[in-house]
Amino acid sequence: MTTMRQIFHACVLALTPLCAQADLNVFACEPEWAALATELGGDHVSAYSATTALQDPHYIQARPSLIAKVRNADLVICSGAQLEIGWLPALLQKANNPKVRPGAAGYFEASRYVQRLDATANLDRSQGDIHPQGNPHIQTNPHNVAAVAAALLNTMRELDAAQAQTYEARYADFSQRWQDAIRLWEDKAAPLRGKRAITHHKSWVYLERWLGITEAGNLEAIPGLPPTATHLSNLTKEFADRGADFIVRSPYQDSRPSQWLSERTGIPALVLPLTVGGTDQATDLFALYDDIIERLLGALE
Amino acid sequence: MRVDFFKGAILALFIGFSGDLMAEDTDIQTLRAELLELRSDYESRIADLERRLAIAEQNAMQASYGALPTAAASASGNAAFNPAIGVIFTGNAWNYSGDPEGYAVQGFPYGGEAGPISEGLGLGETEIIMNANVDDKFTAWLTAAIAVEDGEAAIELEEAWVETTALPAGFGAKFGRFFSKIGYLNDKHTHTWDFADQPLPYQAFLAGQLVDDGLQLRWLAPTDLYLELGGEALSGTNYPASGRGNSGAGSYSLFANFGGDVGRNSSWLAGVSLLDAAATERLSGDEDNPLFFSGDSQLLTAQFVWKWAADGNWRDRNFVLQAEIMRRSEDGLYEGIGLAPALYDVDQYGWYAQAVYQPVPRWRVGGRIDALSTDNPGPAFDGSLLEAPDSDPRRYSIMADWANSEFSRLRLQYTRDDAGLAGDNQWGLQYIHAIGAHGAHTF
């Protein structure tokens, strides 16, 4: 026992890569969930993100490399609410890994644990790419992330009971820092209350609800379909008089529609990181919100 | 409690304030200042309370969600167990400069449903797809194709399979009727093809696509490099097999697929497969001069697919390069009308290469070359459809398509055909529309 502990300490001190065997292999569909799993698990978790912040998570190829990753995963964390419907089922079907099938303990859908906005019973594809279970871009409200963290702790404790205490301690620490950060963000973002945003896609409804920003319009005439010239020129007329405070897009979205509208209306066009890695500044979950609020405030000046 | 206290305090302050009208200006100002201070304190405390309430609500909701079984469905009643249902609509308008009525590729008598797209306006297959989990260990899939043949609608059972979901150690098994996993295109559904028709080697060697009844076993290696090994035992009913040889275990296949990523932009998939089939009086060739083959048929396939998108962001711009090469070895006896029974031992080759580029969302353009070549089977086959052609059958195709959404696609295709017709120019329009459940597409 003592020898084991000595070896363990030696590993920790020397940070020998050979000893750094993670207890939980996490396959996250999006970078924010990989970051959250790492916050809670530290070195005990090896988290891989299937997508980057520069990729539209609606449209991902079910690549061989992703199938191989799912094959070896202990835990799959995805936003859910049909965000990954075009590719995740194909990965799960081909990966032959019963531990992470829907219904198994190792399959975690983050959007289950928050109150989803824009859920609709009106399922008609003429309305575009709609998500019947509500808007899946839940990570733009840090209160949602807090709720997901609590649920994720339960899942991680269940899957890796040996490290339960570590996960609990790390969760308590994260949770405290997160609540403190939320207070700071909310204070800092006070001037954004009542401001009006035109967004490329409906990716920001949770952020808007959180900070009291009004969604004045979308560049996409129909959710999920590229902005059309007709719709953009209508927006030019609409916002020439009424105005809005920012035009917002995610890094993976075409910059031309928002630039075009910005040039004609004088409303500043912004790129906001939708997830970790979306901008150079958004290096982790904390920096993600720092940067979102910083960029929004910057546009008001 | 705290809120009530503050409300009380403010109320008391107001009463005291109104009751003391004779107070001096300084007193009033002091009181005003105090009131303001109280008010701002009160507001910040209320905001704090609201914030804590929001967090508590989130936590409570999380707790209640956490209590739900993970597979909880929102619908109630028996309808909650309905499978996902989708319907695919396809149709073509095709024009040939020659006459496609007598379309035949010299040296490669087609079997099964292989052949050119019907001339003129026509409905393609209408497919109904249903799938759902059976229970915690099985999932099932049905594809029924409704086709109109000779003016009558007929339902064809295209796929009906059950697949395991709970086998350990990277194993998976599928049984029923399914598209064989040999090659790259063979198990791809018609509506996911990049061109309206199958390339020549698929037409000549697999009668379009090999679908059969049987059992498939797959194993996925626990490595970061994608490595899938598998095999199938098939009844041997369909081309290139026939007659359910070997007591109804007529064909078997082996396959290996590898794949991975190269940097952030590219990913690849490569594979090899072998199909071994037994044929008993297998029908091929044209209706008036049918040919019958009895013997062994082996098909060896190698394929490679490369996909590229800037930063891996597939939606805006992407590029796909895809190629397959096949070798078929048949050894047996051919006979037919106008053909004396003769031994046939021939190797044939087929390949295609295609590239498809999506420069902007919705629009794609692509090109494809497909070709066949064969050894001469010998003088016994001179004058028959099996005699090797003077020049290798070959086609060149280009296409452009537009997809309004993931669910609709319109395609224009041009093919220069030097395979079944000499120097034929073929123009076609195709539509592919889908309603119902959102399918997930494989790589």
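Which strands form the open sheet of chain A, and in what order? Four strands do so, in the order S6-S5-S7-S8, and their pairing is parallel; two strands are said to pair if DSSP finds at least two bridges between them. The model is predicted, so that local features need pLDDT of at least 70 and side-chain atom pairs count only at pLDDT 80 or more, while totals for chains, interfaces and linings use all residues. Residues are numbered from 1 along each chain as its sequence is written, chains are lettered from A and ligands numbered from 1 in the order in which they are written, and side-chain values use heavy atoms, with hydrogens and water left out.

**The sheet**

Helices (H or I, at least four residues) and strands (E, at least two) are DSSP runs numbered from the N terminus. The edge strands are S6 (214-218) and S8 of chain A, each of which pairs on one side only. Neighbouring strands are turned by 35° against each other on average, direction ignored. S7(A) and S8(A) pair in the parallel sense over three bridges, and A:Arg249 stands opposite A:Val271 in S8(A).

**Helices on the sheet**

Two helices lie across strands of chain A, as tabulated here; axes are lines fitted to C-alpha atoms, for helices over the stretch in contact, and angles run from 0 to 180 degrees between N-to-C directions.

| Helix | Strands crossed | Angle |

In H9 (residues 256-265) of chain A, the residues A:Pro257, A:Ser258, A:Leu261, A:Ser262 and A:Thr265 are buried, that is, under 20% relative accessible area, where exposed means over 50% and partly exposed in between (1.4 Å probe, protein chains only). They cover an arc of only 130° around the axis, which puts them on the same side of H9(A); the arc is that of the directions from the helix axis to the C-beta atoms. The face turned away from this buried side carries the exposed residues A:Arg256 and A:Glu263. What covers the buried residues of H9(A) includes S5 (196-199), H8 (229-241), S7 (246-249) and S8 (269-271) of chain A, contact meaning heavy atoms within 4.5 Å.

**H6 beside H10**

The axes of H6 (residues 164-188) of chain A and H10(A) come within 11 Å and cross at roughly 0°. That makes H6(A) roughly parallel to H10(A), a term for angles under 35 degrees. Among the residues that meet are A:Trp178 and A:Trp185 in H6(A) and A:Tyr289 and A:Ile293 in H10(A).

Notes:
Parallel < 35°, antiparallel > 145°, perpendicular 65-115°, else oblique.
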